[in-house]
Amino acid sequence: MGAMRRLYFWWGVGGLLLVGADRGFGTDSDLRELFLSEYRQAYDKLIQNYTSIEYSYRGENPSGKGLVQMQEAEGKFDLNLYLLRSKGWVAKSDTREMVREYKPVISGGNTKYAFEIIEGGKGYLLRNWEPASPSGRVQFMPFIAPIADQWTNRTYLEIAEDAETKFLEMRDTEYRGRKVKQLTVVVSHLDVVTKKPTRTKSSYFFDPMRGWVCAGWTHDIGSGTRYLESHHEYEGEGEYPPLKVIEVGERDRQDSKYYEFRWRIEFTRFERLGGKLDESEFRLSAFGLPEPVGVEWERPVRWYLWLMLAGVVCLVAGGVFYWLSRRRAGGTN
């Protein structure tokens, strides 16, 4: 009887731990494993559906004094690659009448560097470039929102697997009218302004009914009550719907009516291409410009070398076949 009572006791303890974890309680390691047990299974399919994308969008953000910056862009992106052709202008906030127009810009990035170029009189001119981080990744663009946090420049899986990430809570909640999983953590990252290491309390809202896409996130601003919110809208129901809108604004926990709009983009095209993109399309050399000093790419074996190799293989195979046939003929005689 004593053994049975002990068994029931531990069953009860196990049940309480599971219930507590579901409600957001438990240790950091408990919550980490609980989240990863769900998210790791979804991650591969998320990557398949939200990388290798061709897109176009229209964006805007206020610039003060009754003006708004407008942008139209199109391009391609993958987890470590992106290309963005954009044209921008400043307009009046109320009438959208153009005040000033900017030169069209091409922004791109690959595993070694990011760059910006503009079209000159006889070709393209390099405006800026910067090396990628040690991880081989350039700054994320906003359209990576379903699978990665552009604020910290990491995927949600990388954030969850990082030993420096502190798990605070995971619970079921409602976000913008949808039932979601809210994961609250303290994240280590580089500050986007100062470029110095910092730690930020953040919440991510995942939609399991849509394949665990991220429906939005919040990042605390300093130690006050203000926080940034990024809201992600998707087109249609079901798993892995196309990304439709991203809007970022500033809110205040002590004033529910406070909202300062930061920027918004609306996709007019979000097409999955399938397969991996060719990295050579995302280099300066694709636009007739020299590669940055010190950047070297592995050269592919030229096509004629493959033909020569195939020819050698055929000659060797032919010689072996001839030798075997002569040997059989000699054995017969």
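This briefing walks through some of the salt bridges in the structure above. The model is a predicted one, and a search of the whole structure finds 25 salt bridges. Let's visit a few of them, along with how exposed some of their partners are.

**A bridge between two helices**
- Start with E161 and R40, which form a salt bridge whose closest N and O atoms are 3.2 Å apart.
- Because E161 belongs to helix 3 (residues 156–161) and R40 to helix 2 (residues 28–50), this pair ties together parts that are 121 residues apart in sequence.
- E161 is partly exposed, with a relative accessible area of 42%.
- For R40, the relative accessible area is 42%, so R40 counts as partly exposed.

**A bridge with a buried arginine**
- Next, look for R154 and D162, whose side chains meet in a salt bridge at 2.7 Å, N to O.
- R154 has a relative accessible area of 15%, which is under the 20% cut-off, so this residue is buried.

**A bridge between E169 and R171**
- E169 and R171 also pair up in a salt bridge, and their closest N and O atoms lie 3.4 Å apart.

**A network**
- Finally, find R178, D207, R210 and E237 in the structure: a network of salt bridges links these four residues.

Terms used:
Residues are numbered from 1 along each chain as its sequence is written. This is a predicted model: local features need pLDDT of at least 70, side-chain atom pairs count only at pLDDT 80 or more; totals for chains, interfaces and linings use all residues. Side-chain values use heavy atoms; hydrogens and water are left out. Helices (H or I, at least four residues) and strands (E, at least two) are DSSP runs, numbered from the N terminus. Buried means under 20% relative accessible area, exposed over 50%, partly exposed in between (1.4 Å probe, protein chains only).
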